[in-house]
Amino acid sequence: MSTAVTTTVGLLPESLQKSLQSVVERVNDCGCGIQVVLLSTSAGVSLGRIVQQPTILEEELLANLESTWAPPSKQFPLLKSGDIQIVTAHYDQLTLVHVYKFAPVVVTFLLQPNSNLGAIKSTAIPLFQEKLEPLCQTLYSLLPGEASPSSSIMPGGYYQ
């Protein structure tokens with residue numbers, strides 16, 4: 001079984017936080033090695049965090065990841081590499097999986113270096129997509145100028 005999960009206070013409803021916590025516990029039992037999940041908008045506004053205790057990650061690093069990685073997602077179409085939905089980066093101390101397919105919500109998984117990336121892609125991401133669907137729909141209805149979900153994905157990249 002996984003260790004206790006703590007949620008850093010965010011803008012998410014408590015029921016959604018608990019639901020996402022249960023997803024993290026479930027996938028960590030399968031060897032996913034999730035240390036932190038960051039939820040933000042594509043503009044870099046933090047929506048919330050799920051932190052697996054203990055973690056070696058500092059608050060400053062987490063805040064920088066939220067505000068720095070989400071906004072560049074709109075630049076991916078300039079690479080002309082097709083529809084980029086997931087970016088994976090490997091570092092000495094962690095692996096970062098950045099998921100843009102939940103527009104307008106951006107999800108960043110910070111994982112242990114030896115994590116099972118197949119389990120993240122096949123289990124964690126679909127479960128998060130299911131749990132975040134109501135939040136994404138709400139954000140589309142509340143945010144002025146946001147494209148609707150059906151027209152949000154541009155050919156060749158993330159919504160503009």
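Buried here means under 20% relative accessible area, exposed over 50%, and partly exposed anything in between, with a 1.4 Å probe and protein chains only. Helices (H or I, at least four residues) and strands (E, at least two) are DSSP runs, numbered from the N terminus. By these criteria strand 2 is mostly covered, with 8 of its 8 residues buried. The model is a predicted one, so local features need pLDDT of at least 70 and side-chain atom pairs count only at pLDDT 80 or more, while totals for chains, interfaces and linings use all residues. Residues are numbered from 1 along each chain as its sequence is written, and side-chain values use heavy atoms, with hydrogens and water left out.

Confidence comes next. On the pLDDT scale, the predictor's confidence in each residue from 0 to 100, the protein averages 77, and 76% of the residues score at least 70. The mean is lowest in strand 1 (residues 5-8), at 54, and highest in strand 6, at 90. Where pLDDT is low, the predicted coordinates should not be read in detail.

Now to the strands, which count as paired if DSSP finds at least two bridges between them. The hairpin of strand 2 and strand 3 has 4 residues between the strands, and in it glycine 44 takes a positive phi near 90°. Strand 5, in turn, is antiparallel to strand 6 over 6 bridges; threonine 95 stands opposite leucine 111, and the hairpin joining strand 5 to strand 6 runs through 2 residues. A further 5 bridges join strand 4 (residues 86-90) to strand 5 in antiparallel fashion, alanine 89 standing opposite leucine 96. Strand 4 and strand 5 make a hairpin too, with 4 residues between them. Strand 5 is mostly covered, with 7 of its 8 residues buried.

Leaving aside neighbours within four places in sequence, threonine 108 is in contact with Val36, Val37, Leu38, Leu96, Val97 and His98.

Valine 36, in strand 2, is buried, with a relative accessible area of 0%. Not counting residues up to four places away in sequence, valine 36 touches Ile50, Val51, Thr55, Leu57, Leu62, Thr108, Phe109 and Leu110. Over in helix 1, valine 24 is buried at 1% relative accessible area. Among the residues valine 24 touches, beyond those up to four places away in sequence, are Ile34, Val37, Ile50 and Phe128.

A search of the whole structure finds 1 aromatic pair. The rings of phenylalanine 109 and phenylalanine 128 have their centres 5.1 Å apart and their planes at 85°, so the pair is edge-to-face. Rings of Phe, Tyr and Trp (its six-membered ring) pair if their centres lie within 6.5 Å; planes under 30 degrees apart count as stacked, over 60 as edge-to-face and the rest as tilted. The pair links distant parts of the chain, with phenylalanine 109 in strand 6 and phenylalanine 128 in helix 3 (residues 117-142), 19 residues apart. Phenylalanine 109 is buried at 0% relative accessibility, and phenylalanine 128 is buried with a relative accessible area of 0%.

Technical notes:
Contact = heavy atoms within 4.5 Å.
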